[in-house]
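Keep the viewer open while you read.

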Amino acid sequence: MAERGNSRTGGRGQRGQAARRAAAPLTVAGRTLACTVSVAVLGASGFTWYEYRSLDDGMVKSSALSEAKKNAPPHLDKSVNLLLIGLDSRKDMDGNDLPKQFVEDELHAGSSGIGGYNTNALIVLHIPANGGKVTALSVPRDDYVQTVGADGRMHKIKEAYGIAKEAAEQKLAGKGLSKALLERQSREAGRSATIQTVQSLLDVPIDHFAEVNLIGFYDIAKAVEPIQVCLNHPVDDPIIARTAAHEGGGTGLKLPAGISSLKAAQALSFVRQRHHLTNGDLDRTHRQQAFLSSVEYKLKQQGILNDLGQMQKLFAVVKKDVVIDNEWNILDFAQQAPNLTGGNVEFNTLPISGFRTVGGQEVNTVNPDLIRKIVRQLFNHEPAPAPPAAAPAGDGPGEPAPSPSATPSTAPKAVVDVNAAAGAGAAAGESRALAELGYQAGRIGDAPARTRATTVAYGSGAKADAQHLAARYGVNASFSSAVPAGRILLTLAVSRTPAPTAVPSAAAAGDPSADPAAGLPMQGPAVKAGGIPCVD
């Protein structure tokens, strides 16, 4: 382990104080900007071998990947999978708390203990062996999964890092290590656990990783500001004051619809806003993906990648704030990944199937089998996931199994009642679309505006049809005694993105020019690089 210390909390003059005032607890893709910029810097720069070697020699390196590779799934080709990690911690790299006034009063982020060592940003970049489109997949931070390399139990995926880090600290206690050294070595366990858990969930090997801390985002945003972003609707996210009963919240961000140019501090607010978003963290994921796309676009369009002065500023930040694996040959990678800076990148968010409350906390439920099928389709160009076959079990308690002659392919499909968070108009439109697929139109209505996930419930006798319908939205169907016999109740969240089941995607049909994500049940729309994408 060769991670260097961070003396930022010791006071570095006005610039260090300004950085602490403007930084914020980022989540999901936002804090991975430094990682993405570090890749972008290397992918299209016209600088000399010496400049590349200078950057490589000064990077903070980690050996966490070597342990994770021991249990990694096999490679199917020469493609490269890069994991970007954004660490949500109110501590520096030596384990020192960021100043209390900075964290609590200026950031409205609560105490230094809030956030722990959660990996609130997890993005896998798949770089094809043939140099084609780069696919980026965000893993929602609250996905409830089996952890690997931590304690082996079910947790939110963001918690694997902190659990493993704490266990490592306990093992290292009493060995006379300094606080800084204990921090660095225990973080290695956290990184390894995160990599292994992502590998297990997606069933793909991770070849390289990059991690950026909380302060790092601000430094790079400052180096490239102002950055343009685009909103579909105006936002007003007032700050909620911290009290004895409430940790506070809000970012203070107020922007109109359309394109806005953001300074570094505004950028932090843009990517960390969670209040007043219909789908909470899931919407925020798209916000942050769009921000990354806008940064990449600016680097290319304004010629920053060929400006020696600008590049030196970026090199300095990347060296200071980004941790990468010690197996990463940056010189080789720069030649393998030109599409990272060519705008040929698409961000998608892996789907969730619903929500549960576990130990008093709300988690995202996921379908690991569906996720792995989606990843295989995107990374290896396999056929799109087919709707699951009807299970041999009965519909509900005591129900007989459906006979082969009663499967959806030969029998009239069930009546579907549709409620939509976007209103009865959206429900009516979806009902018409389902009628074209053979389902019988039922009642339509409104769902609660805060509906955060699409659900499919069925009554007695409708299990087979419900399972096929659920596959369209990437969720699981569940029996409900409140739904009448022979009927299905479909409740649509605002951000639902159903996968067409009547017509296979062009990619599944063998069209190499087609978008491989077309027809797959993602969590909301894709965010495509190469411009300034508009998001909620």
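Which residues of α15 are buried? They are K463, A464, D465, A466, Q467, L469, A470, A471, R472 and Y473. Buried means under 20% relative accessible area, exposed means over 50%, and partly exposed is in between (1.4 Å probe, protein chains only).

## Ground rules

This is a predicted model, where local features need pLDDT of at least 70 and side-chain atom pairs count only at pLDDT 80 or more, while totals for chains, interfaces and linings use all residues. Residues are numbered from 1 along each chain as its sequence is written, and side-chain values use heavy atoms, with hydrogens and water left out.

## The chain as a whole

The chain has 15 helices and 22 strands. Both are DSSP runs numbered from the N terminus: helices are H or I with at least four residues, strands are E with at least two. Of the 536 residues, 55% count as buried.

Take the contacts (heavy atoms within 4.5 Å) with a separation of 6 or more: residues 24 or more positions apart account for 76% of them.

In soluble globular proteins, nonpolar side chains tend to be buried together. A nonpolar core here is a set of buried Ala, Val, Leu, Ile, Met, Phe, Trp, Tyr and Cys residues joined through side-chain atoms within 4.5 Å. The largest has 47 residues, and F217, L255, F270, F291, L314 and V322 touch the most other members. Helix α8 (residues 214–224) gives the largest share of this core, six residues. Apart from it lies another core of 31 residues, including L282, V375, F379 and M522.

## Helices that cross

Helix α7 (residues 179–202) and helix α13 (residues 368–380) have axes that come within 8 Å and cross at roughly 85°. Axes are lines fitted to C-alpha atoms, for helices over the stretch in contact, with angles from 0 to 180 degrees between N-to-C directions. So α7 is roughly perpendicular to α13 (65 to 115 degrees; under 35 is roughly parallel, over 145 roughly antiparallel, the rest oblique). S200, L201 and L202 of α7 meet P368, I371, R372 and V375 of α13.

Now look at α9 and helix α10 (residues 281–301), whose axes come within 7 Å and cross at roughly 140°. A267, F270, V271 and R272 of α9 make the contact with R284, R287, Q288 and F291 of α10. Also in α9 (residues 264–272) is S269, which counts as buried because its relative accessibility is 11%. Beyond residues up to four places away in sequence, S269 touches T251 and L253.

## Around α15

Back to helix α15 (residues 463–473): 10 of its 11 residues are buried. A477, in strand β19 (residues 477–479), is partly exposed at 24% relative accessible area. A477 and Q467 are 10 residues apart in sequence and 5.5 Å apart in space, C-alpha to C-alpha. Leaving aside neighbours within four places in sequence, A477 is in contact with V456, Y458, A466, Q467 and A470.

Which bond joins E225 and P226? A cis peptide bond, with omega about -5°. P226 is in the loop between α8 and β8 (227–231).

D203 is in the loop between α7 and β7 (208–212). Phi of D203 is near 60°, a positive value in a residue other than glycine. With a relative accessible area of 40%, D203 is partly exposed.
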